[in-house]
Amino acid sequence: PILAAMARFAETYNAGDAAALAGFYTPDGALLPPGAPARVGPEAIAAHYAAAFAAGVGDLRYEVVEIRQHAPGAAVEIGETLVSQQDRTIHGRYLHVWVRTEDGWRISRDIYHVLGTR
């Protein structure tokens, strides 16, 4: 189910729908971008994505490196990403902590960093 959720996440990201992206997170979900304060809760997460889209970020491509289930309702996913921003490509790595909720698997914690640009 996490692989399917990530596919939907990428589709939503590539559609530029910041509000819908926030729906992939738990109500107390936290997005931890590099060099910036944590974005906690749907409004803050949606605002982060809206700012990224306004800055020209898009075309998310990702590769899941591993998923480890740590309890019946918790799993950690690690992956790498490529996103485009105008004339450059940003290579990143992320870690998602997924939890099973009444509405399915949601991201509780999301941390990423930039590995480089091309």
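Arg39 is in contact (heavy atoms within 4.5 Å) with Gly29, Ala30, Leu31, Pro33, Ala44, Ile45 and His48, leaving aside neighbours within four places in sequence. This is a predicted model: local features need pLDDT of at least 70, side-chain atom pairs count only at pLDDT 80 or more, and totals for chains, interfaces and linings use all residues. Residues are numbered from 1 along each chain as its sequence is written, and side-chain values use heavy atoms, with hydrogens and water left out.

Arg39 sits in strand β2, residues 39–40. Helices (H or I, at least four residues) and strands (E, at least two) are DSSP runs, numbered from the N terminus. A polar atom of the Arg39 side chain lies 2.5 Å from the backbone oxygen of Pro37. Asn14 belongs to helix α1, residues 2–14.

Why do Arg39 and Asn14 count as partly exposed? Arg39 does so because its relative accessibility is 23%. Asn14 does so because its value is 39%. Buried means under 20% relative accessible area, exposed over 50%, and partly exposed in between (1.4 Å probe, protein chains only).

| C-alpha pair | Separation along the chain | C-alpha distance |
|---|---|---|
| Asn14 and Val83 | 69 residues | 9.6 Å |
| Arg39 and Gly29 | 10 residues | 8.3 Å |

**Core**

A nonpolar core is a set of buried Ala, Val, Leu, Ile, Met, Phe, Trp, Tyr and Cys residues joined through side-chain atoms within 4.5 Å. The largest one has 26 residues. Phe9, Tyr13, Leu21, Tyr25, Tyr49 and Trp98 have the most contacts inside it. Elements that each supply at least two residues of this core include α1, α2 (18–22), β1 (25–32) and α3 (42–54). Helix α1 gives the largest share, six residues. Not counting residues up to four places away in sequence, Tyr25 touches Phe9, Leu31, Ile45, Tyr49, Arg106, Ile107 and Asp110.

**Pocket**

The largest pocket has a volume of about 520 Å³. On a 1 Å grid over the protein atoms alone, a pocket is an open set of points where a 1.4 Å probe fits, with protein on both sides within 12 Å along at least five of seven lines; lining residues have an atom within 4 Å of a point. The volume is the space filled by probe spheres set on the points, which are joined across faces, edges and corners.

The lining has 27 residues, and Tyr13, His48, Tyr49, Val83 and Tyr112 lie nearest the pocket centre. Strand β5 provides the largest share of the lining, six residues. The lining divides into 17 nonpolar, seven polar and three charged residues. Here Ala, Val, Leu, Ile, Met, Phe, Trp, Tyr, Cys and Pro count as nonpolar, Asp, Glu, Lys and Arg as charged, and the others, Gly among them, as polar.

Note on methods: Polar contact = N/O pair within 3.5 Å; in protein donor to acceptor, adjacent residues only side chain to side chain.
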